[in-house]
Each structure stands twice: as C-alpha cells, then as structure tokens.
Amino acid sequence: WVARRRPGIRPNTLLTERVLIEDWPTEPRSPANVDRDVFAESLRELCWSMNHARSERYADWILRSAGDFHVDPFLIAALMYRESRCDPEAVNVDGPALGLTQIPWDMYRGLVEARVLSYRVIAGASQEDRSFRVDRFPFGPLRVQQAEANLYFAAALLSMWEGQHQT
C-alpha cells in the first residue's frame, strides 16, 4: 500500500466537517390522525406492485400496530419498503431475517417470553429493566413471516428502540 500511495494525496476531512447531525433540520412529526385511504394510496405508490386490496390491508395493519405501540406509521411503511420492497416473501441473503421488515428473529427471540417484550435501557450510571405486552401474536419464526404479525412486531421493536434511545 505504501509503495502505491501517491505523494500529496490526503483524506477528505472536509466531508466530515460538513455533515454534522446538529445541522440537520428537525424531523417533522407525523400527523395525529392519518387518513387510512390516503395512507393506503401512498402504499400503492411506494410499493408499485401492491394491489388495491393488499394496500388497504397493510394500511390497516400498519396503522393499528403503530397505534398500539405509539410509533410513526410512516416509519413502519418506510422500513417495510427499505427492507423488502414491500414483498412479504422477501429473502435476506445476509442472514435469517424474516418478512416484510426483515426481522432477525434469532436476535430478538430471547427478549420475548410469555408474550412480553423485555429489554434494558441505560438510566444514568445504571441499567433499568422495561417491558411491555406483545400479545396479539406468538413470537415465532413462522408467525413473523406473516405480513400482519411482522408489521406488529416491527412496531413493537421500533417502540423498544425508541425507549432505549430516549434515555
């Protein structure tokens, strides 16, 4: 590597000086009430292969799960698009992630026991145990592959992550 290095070439440190998180604008809040029909239409536009009936089902499931766990439904939809391009049969080539939002079931299976999601957050110099119920579906690999359950658990995990990063 040293023999191939050209003299006078230095790393571009200017880029790291320009992209600072505090320079980003504040993320806009989601509307308090999301119109289900408009949301379903947005899903059809986002997920070009999604038919009318499927977009309405997914909109219902996303809005219900987002409400259950107080997370942004647009974030769930974005996650679904990013991870699987809205394909419930998507396969992750990098590992055993499942369903629309590519949940790595093996990573989270130890956190869900008796339909309760338990996790820890850092609270000052110590850790605090937290938990909440996830009782609409059993948390298992076959169930997580199903669209409705996958969106439900994605919302639960987003809620957990939010709780972990607000402390």
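**Pockets, a cavity and packed helices**

Q: How do the residues lining the second largest pocket divide by class?
A: Seven are nonpolar, four are polar and one is charged. Here Ala, Val, Leu, Ile, Met, Phe, Trp, Tyr, Cys and Pro count as nonpolar, Asp, Glu, Lys and Arg as charged, and the others, Gly among them, as polar. The model is predicted: local features need pLDDT of at least 70, side-chain atom pairs count only at pLDDT 80 or more, and totals for chains, interfaces and linings use all residues. Residues are numbered from 1 along each chain as its sequence is written, and side-chain values use heavy atoms, with hydrogens and water left out.

Q: What makes a residue part of the lining of the second largest pocket, and which residues are they?
A: A lining residue has an atom within 4 Å of a point of the space, on a 1 Å grid over the protein atoms alone. A pocket is an open set of points with protein on both sides within 12 Å along at least five of seven lines. Lining this pocket are Ser30, Pro31, Ala32, Asn33, Val34, Leu63, Ala66, Gly67, His70, Val71, Asp72 and Pro73. Helix H3 (residues 52-69) gives the most, with three residues. Helices are DSSP runs (H or I, at least four residues), numbered from the N terminus.

Q: How much space lies in the largest pocket, and how many residues line it?
A: The space is about 540 Å³, and 14 residues line it. The volume is the space filled by probe spheres set on the points, which are joined across faces, edges and corners. Nearest the centre lie Glu27, Arg29, Asp72, Leu75 and Glu162. Helix H4 (73-84) and helix H7 (147-165) each supply at least two residues of the lining. By class, the lining has seven nonpolar, three polar and four charged residues.

Q: What makes a space a cavity rather than a pocket?
A: In a cavity a 1.4 Å probe fits but cannot get out. One cavity of 30 Å³ or more is counted. The largest cavity holds about 40 Å³. Its lining is Tyr108, Val112, Leu117, Val134, Phe139, Phe153, Ala156 and Leu157. These divide into eight nonpolar, no polar and no charged. H7 provides the largest share, three residues.

Q: How do the axes of H3 and H4 cross?
A: They come within 9 Å and cross at roughly 125 degrees. That angle makes H3 oblique to H4. Angles under 35 degrees count as roughly parallel, over 145 as roughly antiparallel, 65 to 115 as roughly perpendicular and the rest as oblique. Axes are lines fitted to C-alpha atoms over the stretch in contact, with angles from 0 to 180 degrees between N-to-C directions.

Q: Is the crossing of H3 and H4 left-handed or right-handed?
A: It is right-handed. Tyr58, Ile62, Leu63 and Ala66 of H3 meet Pro73, Ile76, Ala77 and Met80 of H4. Contact means heavy atoms within 4.5 Å.

Q: At what angle do H2 and H4 pack?
A: Helix H2 (residues 36-46) and H4 pack at about 20 degrees, with axes 11 Å apart. That makes H2 roughly parallel to H4. The contact joins Phe39, Leu43 and Leu46 of H2 to Pro73, Phe74, Ala77, Met80 and Tyr81 of H4.

Terms used
A crossing is left-handed if the near helix is turned anticlockwise from the far one by less than a right angle, and right-handed if clockwise.
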